[in-house]
Amino acid sequence: MTDPNLNEVTEVTEVTIVEATPETTAIVKKEMPDATPEAIAETAALFEAIKKRAAAEVQAAGDLTREAYLKALQKASGAIEQNKSIAKERMTEAVNLLKKESEKNWLVVDAIKTRAQAQVQDAGEVSREAYLKAVRQAREAVEQNKLVERDRIDQAVEHIHKETEKNWHVVVGEIESIGARLKETAKSAWNSLTAFFDKSDRGDSEK
């Protein structure tokens with residue numbers, strides 16, 4: 001007789017067996033400097049598995065928001081946690097690291113997006129072409145901050161392009177609804193980005 005839970009268990013097991021990329025391992029090493037090589041390897045593998053599963057779910061749903069991604073993270077970690085061979089501590093560490101990395105990425109997205117939206121509103125030309133041009137200019141401004149990794153900027157711009165293609169009406173709505181407050185919102189997002197990465201860099205230097 002076929003076990004009805006067999007497919008689910010197999011899926012969970014397959015998802016957890018993921019080879020971590022050098023980039024992921026580097027992130028874990030940086031955030032867990034005192035951990036053993038085994039703990040780093042296990043956490044990095046879980047980080048990679050949860051990230052891929054959550055990203056696939058968000059992509060399939062087409063809901064490119066911070067809230068949707070965090071919800072997908074929780075759902076992915078809950079599914080993988082059904083594998084009882086995984087230590088609870090490792091799962092907690094991996095999820096916390098993913099949330100921290102996610103917040104860094106969203107800071108870059110917010111800074112580029114709101115700066116571009118403010119520029120479009122100032123110009124009075126709310127078109128897709130004008131917006132994407134403003135995104136490129138905002139990207140160039142972010143790249144001047146040497147503390148923000150190039151890969152993180154690339155991912156942020158890719159996310160904004162996907163959001164523009166899927167939900168252009170939402171972008172237009174944000175520009176029009178925020179109105180006069182958009183400049184202040186863009187300034188706040190920019191300051192948050194700069195302050196976070198500057199603080200992070202100082203913290204690394206003090207170690």
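Here are a few questions and answers about helix packing and one arginine in this predicted model.

In this predicted model, local features need pLDDT of at least 70 and side-chain atom pairs count only at pLDDT 80 or more, while totals for chains, interfaces and linings use all residues. Residues are numbered from 1 along each chain as its sequence is written, and side-chain values use heavy atoms, with hydrogens and water left out.

Me: Are α5 and α8 roughly parallel or roughly perpendicular to each other?
Reply: The axes of helix α5 (residues 88–123) and helix α8 (residues 168–178) come within 10 Å and cross at roughly 70°. Axes here are lines fitted to C-alpha atoms, for helices over the stretch in contact, with angles from 0 to 180 degrees between N-to-C directions. Angles under 35 degrees count as roughly parallel, over 145 as roughly antiparallel, 65 to 115 as roughly perpendicular and the rest as oblique. The two helices, α5 and α8, are therefore roughly perpendicular.

Me: Which residues of α8 make the contact with α5?
Reply: Contact means heavy atoms within 4.5 Å. From α5, the contact takes K113, Q117, V120 and Q121. Its partners on α8 are V171, E174 and I175.

Me: Does R152 count as buried or exposed?
Reply: R152 sits in helix α7 (residues 150–166). Buried means under 20% relative accessible area, exposed over 50%, and partly exposed in between (1.4 Å probe, protein chains only). Because its relative accessibility is 8%, R152 counts as buried.

Me: How are α2 and α3 oriented to each other?
Reply: The axes of helix α2 (residues 22–31) and helix α3 (residues 37–61) come within 9 Å and cross at roughly 125°. That makes α2 and α3 oblique.

Notes:
Helices (H or I, at least four residues) and strands (E, at least two) are DSSP runs, numbered from the N terminus.
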